[in-house]
Each structure stands twice: as C-alpha cells, then as structure tokens.
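Student: I have a new model open and would like to learn how to read its features. Where do we start?

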Amino acid sequence: MTTYIIRRLLLVPVLLFGVTVLIFGMLQFLSPVERSALYIRDIPKNPHAVEGVIKQYGLDKPLYVQYWKWMVGVVNPTTGERRGGIIFGDFGYSRVASQPVAELIRNRFPNTLDLTIWALAPVILVGIWLGVQAAVHQNGFIDQAARIFSIIGTSFPTFVFGLLVLMIFYANLRWFPPGRLSDWASQVAHSDSFHHYTTLLTFDALLNGRFDVFLDAMRHMLLPILTLSYISWATFVRVTRSSMLETLRQEYVTTARAKGLPERVVIHKHAQPNAMLPVVTLAGFQVIGLLGGVVITETVFVYPGIGSAAAQAAQQLDVVTVLGFALFNGLILIVSNLVVDVMYAFIDPRVRLA
Amino acid sequence: MAQTVPSSDNALLRETTAMREIGWLERFLGPDNYRIVKGLLKTPASILGFILIGLFIFIALAAPLIAPPLNPNDPYKIPRDGFSPNPRPMGAEWNHNQPPLPFWWKPIMKTDEWVHILGVSTGQYDIFYGIIWGTRTAFKTGFIVVVATFLIGVIVGSVSAYYGGVVDNIIMRIVDIFLTLPFILAALILAAVITPKIGKSVIPAVIALITFGWMGYSRVIRGDILSIKERDYIMAARVIGVKDSRILFRHIIPNAIFPTLVLASLAIGDVVLSFAALSFLGIGTELGYADWGQVLSFARNWITSLNTYWYIIVWPGITLVLFVMGWNLVGDALRDVLDPRMRGKT
C-alpha cells in the first residue's frame, strides 16, 4: 500500500513538469511582445520602451531561462516588486478582460464548482440506480430502455442537446432562462448585506436565508444540470450495468441465494458493493471531467464559469488567458487524479498488490 | 485391436466432431479478426449504424448533384442570400446569389424556382447547402485526423512496447502528460494559439485534434504488442538473427494492428463531433464555410427566439446526431465483440 502511494506520488512532479512544459511550448507560438502579457498589463506605445520590457523580463533569452522566469517571476531590483511567476499564482494579464488572469479564475471558478456539485448528485444516484436495475432485469424492459437511452445519450453532442433544451424550456415555455441570476437577484447578491461565506452562490443564498435568491439561481442552473447529467448518465448506466452483470455471475452470489437470503439483500448487500469498484473510478473521472470539461455547456447556457471564460478567451485569441486556464485546469486534474487513484487503492486490494 | 487403428473411412469422425466451412474472408483475416467482423455484421443495431454511415457517404459523394455550388472552384462557401441577420423559414425564396438548380428538383416539385429548403440562418446562409457540403467537410476532417492520429499512435505505441524498460516508461509518462488536460479544452487552446499564425481555416482545428488525439491508440496497440511479443514465432525470428525493425514491422505490427485499426475507423464519429464543437465555440473555419458546427453556431445569437426560428438548430442538429449515432451503433457492437469477458458467448 505504502509503496503504491509513494510510486503514485512520485509521478506528480513528472506530470507537473510535463504539463508546464507543454503549456510553455504553446506560449512560444507568441511573439516576445505578446508574451509580455505574462508580466505587465499593457504593451508600451513607445518602441524603445517595448525593447526595454523584452530585456527586463528576458523574453528574448534562451528557452530554459524563459521557463525559469515564467515559473518564479521577475523581481524588480529597485522596488523589490515581483511580477509573473506561476508558482506564486500569478498567471499574467488578460488584455481582453483587462484584469489579471488569476483574478478572472478566482471570480469564475466558484460558479463552475457550484454547477458541478449540483450536477453530480443526479448523475451518480440515478445513473447507479438505473444501471443496477438494468442488470438485475437483464434484457427486460428497463434494460432495453436504458440501452436505447444510453446510445441516444452518447450520440447527442452537448451543444445540440443544450440548444434543443433551451429551445423547448426557454424559447417556447419561458420556464428556465440562461445565464446566472435574474437582475433583481443579482442586485441582492451584490449588495452589502449579502455575505459571501463560501463564494458558492447557492450555498451563500441559503446561509443568508435568501431562499428566493437560491430558487432563482437554481432556476438558471437547472438546464445546464440537465444537460451535464443526461450526457454522463449514459456512461454511468453502461458501466454500472456491465459491472453488476459480471458480479451477479460470481459464485458467492449463488451461495448467498442458496442460503435462502431474500433477493433484495443478495443484490444490494452482496453484489452491489463489489460491482461499484469500476463505478467509483468512473465517478472520480466524472467529477474531474465536469470540472474541466464544462466548456461547451457553460458556453451554450451563457453561464459565467471558467469553461465559458476559457472559450471566450480562445475565441478572442487571448492566448495568455487561455493558457492560464489550461494551467489551472491541469493542476486541478493532476491533484484530483491522484486522489482518485489513492482512493481506489484503498477500496480495491487488487490494485495495491499488483 | 481393430478399434484403435483409424479406418480409412472417417465418416464416424465427421459425425462426432463439428466440421466448419472456412470461407475466403476468414482465411484472409484470420480467426480472431474474422470473429470481430462477423460480430459487427450480426446485431441489428450495428447494421442500422452501417446504413446511416452509408447514407452519409452517399451524401458526401453526391454533394455537387444534391446541392450544386454557386462557384464550382469554391464549393465549401455557403451561398448567402443577402446580409440580413434575421433567419427566414423553410421554403423561403432565393433573392440573390442563387446557385444552379439541382437536377432532382424539377421532376419532384414541378417548378423551376429553387427555394431555401431548410430555411436560412443568421446572415442569410442557406442551411440545406451547409448541411450537404458540411458532410464532405466532416468526412474530410474526420479522415485526416483519424489517419494521422492512428499513425502517430501506432508508431509511438509499438516503439514503446517493443523496446520496453526505460523507453517504455518515458513514452508512457509523455502519454500521461498529454492525457492530463481535458481533450476539448486542450484542442481549443492549441487551435487558438496557432490560428493567428496560419489564419482561419480547417487546419488549426485539425492540427489540434491530431496533437491531442493519438494517445488512446498508442495505449491499445502497446497492450496488444506486449502479448504478441512473447509468442514463439517472434522468438524464432530473433534466434535466426532478424533485425529489430524487421521483426517489429513485418512480424509484430501486422499481427497486432487489427483491433486498433477498427477502433480508429470508428473514431470518425467522435472526431467529427469534436471538430463541430470547436467550430461551434468559434475556433476553426472561416465564416461561411460549410461545416455543421458553424451552421449550429449561427443559432447562438437567437437563443431567445428559437421558438420562431427552431429550424436553425433542429435540422443541423439532427444531421450531426444521426451521423454520430451511426458510428456509435457500430462502435457499441464492436465493444461487445472486443470485450474478452464476452468471448465465447456469441
């Protein structure tokens, strides 16, 4: 167990180095002047000053020097002020949004997290329930329905599904609008009396006792949640079903039945926990996928999270910002992959003994 | 004694052991690969999938007949009927830039007047034309990306598996690094980075999808090679002193490549989907290029009035869904066939 975790931990610096090199490599497509956005807000008008900036931040130096400066930043010798340096959380400036990239991420990330948390519960609970039912009644009605449902689900591109849902529930029925909050709720949320305890809007609304704001936020989030869930349900149902089918064929399940245990106990107490092993990994990757991969869903529903911000920056070719988002995403993913792998080793002895 | 001597007449043996005819296809592909092909052609779902794929191949090949281009030298440009931002419904008439009438229109409709069959989207782009020629774009980009990712994946995976040890370890860590970023985000970023260098076209998105798309194949072929590498005929080849490269390319890869090849050929659906997603996000082709993602992205500014203008998302949306579903139906059957736990149960 310990060796497994140590081996897994040793991989983290390798991945960190690799991902930073990958992103640094993409930065090299920019000219030195464009790369100055990593350190300063505006490009100076005066060409002489531009050269000074390039000199000061070593933007024409060899690659390894630039990589180092990108990592630790550049300290101004007279003022002692440090600019840049991704290990200090400074990802440069977004010239399109005219604010530091780190600040943009700080503003947007809680929204994405909020959405992810609310999208996960339906995905996991309903997905597992459907998958188990499909396996227990193999080739029965639920199984066939789940199969058709999952093939349709995997064939629906996120943006097509999102647009269709918007067409029905917003354009036709006017039930669930896109965006984050209605104007009145947004005014409440930005007023001084509204305390931001967690920075997650729905939880803050509840903690402030503003149930109306909470409902308004949910009203805006329901369609993105539906889109995210529908598309991940398909995978969940499929994996749960095949894993459950395999477990039900094991001899210990027959033993349990032979002992005369009720079918309900056999399925939910004996078979299901063991069948959940691959589902746990999948759940881990779904969280990761949702956190990083909501680019399209957020864009369709004009939801102000990090995904839509990254897409917008990419569309406006604001490369420094996009790469800042990529870096942030890469860090989250490396850490959460580590957590999933270690958790899995705890659950499944076969992994740590291999 | 007489019973132990096999008689010249083996009629008895023929009855006791099941004898099976081996067709030319099985002889050509070998028993393992033949099983895959047969599994794919057996389920009704995958046959429906093949029919859908066939339909799209037909549309792509016959595009110039179904929707003749305005300018035959630049057929991927969707003809614009004016510049008004408002979409117009199905059957609206052509006012400007009318392309030649397709041959099938007059016998069916008994009129010489060519209309916008599926309506026009924002900027007066003809939706029907975009869908028909978008099929060609889909196959073109899908094919290029699949071939390139397949080649890269196979070369990387086989080098890694054949040499093993440190080489394998380093290559697989590089694969891990490429897998760290979420696929669509990574592709989006790379496309955004190279677009200013080479301009808006299909190329940036294609390059981005290739760069972040090869890792799966290298993992699959690596696993297959690791098992084939241990077989006796490889050992025999080594003993008689065959060169490394010859063993790898003549003996190992031809025997290990089939599952990867099938996976890759079915990946076109996913590739087209990712390409459409990039286009939808505004990274990719120039404005007015016939590709499904862009036709759908025209709807982004009309979300509040989709109740009136439903046709600007429904038609291109259905097209994309049917295309992806065709590949998924076949892919689903393939997953069942390739899954070792299902072996012997067909």
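Student: Take A:Asp143. Is A:Asp143 buried or exposed, and why?

Tutor: Keep in mind that this is a predicted model. Burial is read here from a neighbour count, with 20 or more other C-beta atoms within 10 Å as the cut-off for buried. A:Asp143 has 20 C-beta neighbours inside 10 Å, so A:Asp143 counts as buried. A:Asp143 sits in helix α6 of chain A.

Student: Leaving aside neighbours within four places in sequence, what is A:Asp143 in contact with?

Tutor: With those neighbours set aside, the contacts are A:Ala134, A:His137 and A:Gln138. Look also at A:Gln133. A:Gln133 is 10 residues from A:Asp143 in sequence, and their C-alpha atoms are 7.3 Å apart.

Student: What about A:Arg83: where is A:Arg83 found?

Tutor: A:Arg83 belongs to strand β2 of chain A, residues 82-83. The count for A:Arg83 is 18 C-beta neighbours inside 10 Å, so A:Arg83 is classed as partly exposed. Beyond four places in sequence, A:Arg83 contacts A:Tyr39, A:Ile40, A:Gly73 and A:Val74. For a distance across the chain, take A:Asn208. A:Arg83 and A:Asn208 are 125 residues apart along the chain, with 38 Å between their C-alpha atoms.

Student: Now the whole chain. How many helices and strands are there in chain A?

Tutor: Chain A has 16 helices and 4 strands. Along the principal axes, its C-alpha atoms fill a box of roughly 85 × 55 × 40 Å. Of its 354 residues, 38% count as buried. Among contacts in chain A with a separation of 6 or more, 66% join residues 24 or more positions apart.

Student: How do I read backbone angles, and which residues deserve a look?

Tutor: Most residues other than glycine have a negative phi. A:Arg174 is not a glycine, yet its phi is positive, near 60°. A:Arg174 lies in the loop between α7 and α8 of chain A. A:Arg174 has 10 other C-beta atoms within 10 Å and is therefore exposed. A:Leu317 also has a positive phi, about 55°, although A:Leu317 is not a glycine. The loop between α14 and α15 of chain A holds A:Leu317. With 15 other C-beta atoms within 10 Å, A:Leu317 is partly exposed.

Student: How should I describe two packed helices?

Tutor: Use the angle between their axes and the distance between the axes.

Student: Which residues of α7(A) and α10(A) meet?

Tutor: From α7(A) come A:Thr158, A:Phe161, A:Gly162, A:Val165, A:Leu166 and A:Phe169. From α10(A) come A:Leu223, A:Leu226, A:Thr227, A:Tyr230 and A:Ile231. By class, this contact has 8 nonpolar, 3 polar and no charged residues.

Student: At what angle do α7(A) and α17(B) cross?

Tutor: The axes cross at roughly 145° and come within 10 Å. This crossing is left-handed. On α7(A), the contact uses A:Val160, A:Leu163, A:Leu164 and A:Met167. On α17(B), the partners are B:Ile313, B:Gly317, B:Leu320 and B:Val321. The classes are 7 nonpolar, 1 polar and no charged.

Student: That takes us to the interface. How many residues of chain A and chain B are in contact?

Tutor: 42 residues of chain A contact 42 residues of chain B. On the chain A side, the elements giving two or more residues include α1, α6, α12 and α15. The largest share, 9 residues, comes from α7(A). That side of chain A has 30 nonpolar, 11 polar and 1 charged residues.

Student: Last topic: how do I read a nonpolar core?

Tutor: In soluble globular proteins, nonpolar side chains tend to be buried together. The largest nonpolar core here has 179 residues. Those with the most contacts inside the core include A:Ala310, A:Val322, B:Ile189 and B:Leu209. Helix α17 of chain B gives the largest share of this core, 14 residues.

Student: Leaving aside neighbours within four places in sequence, what does A:Val322 contact?

Tutor: In chain A, A:Val322 contacts A:Ala310, A:Ala313 and A:Ala314. In chain B, A:Val322 contacts B:Ile189 and B:Ala192.

Conventions. Residues numbered from 1 in each chain as written. Chains lettered and ligands numbered in written order. Predicted model: local features only at pLDDT ≥ 70, side-chain atom pairs only at ≥ 80, totals over all residues. Contact = placed C-beta atoms within 7 Å. Nonpolar A, V, L, I, M, F, W, Y, C, P; charged D, E, K, R; others polar. Buried ≥ 20, exposed ≤ 12 C-beta atoms within 10 Å, placed from the backbone. Core = buried A, V, L, I, M, F, W, Y, C linked by C-beta atoms within 7 Å. Axes fitted to C-alpha atoms, helices over the stretch in contact; angles between N-to-C directions. Left-handed = near helix turned anticlockwise from the far one by under 90°.
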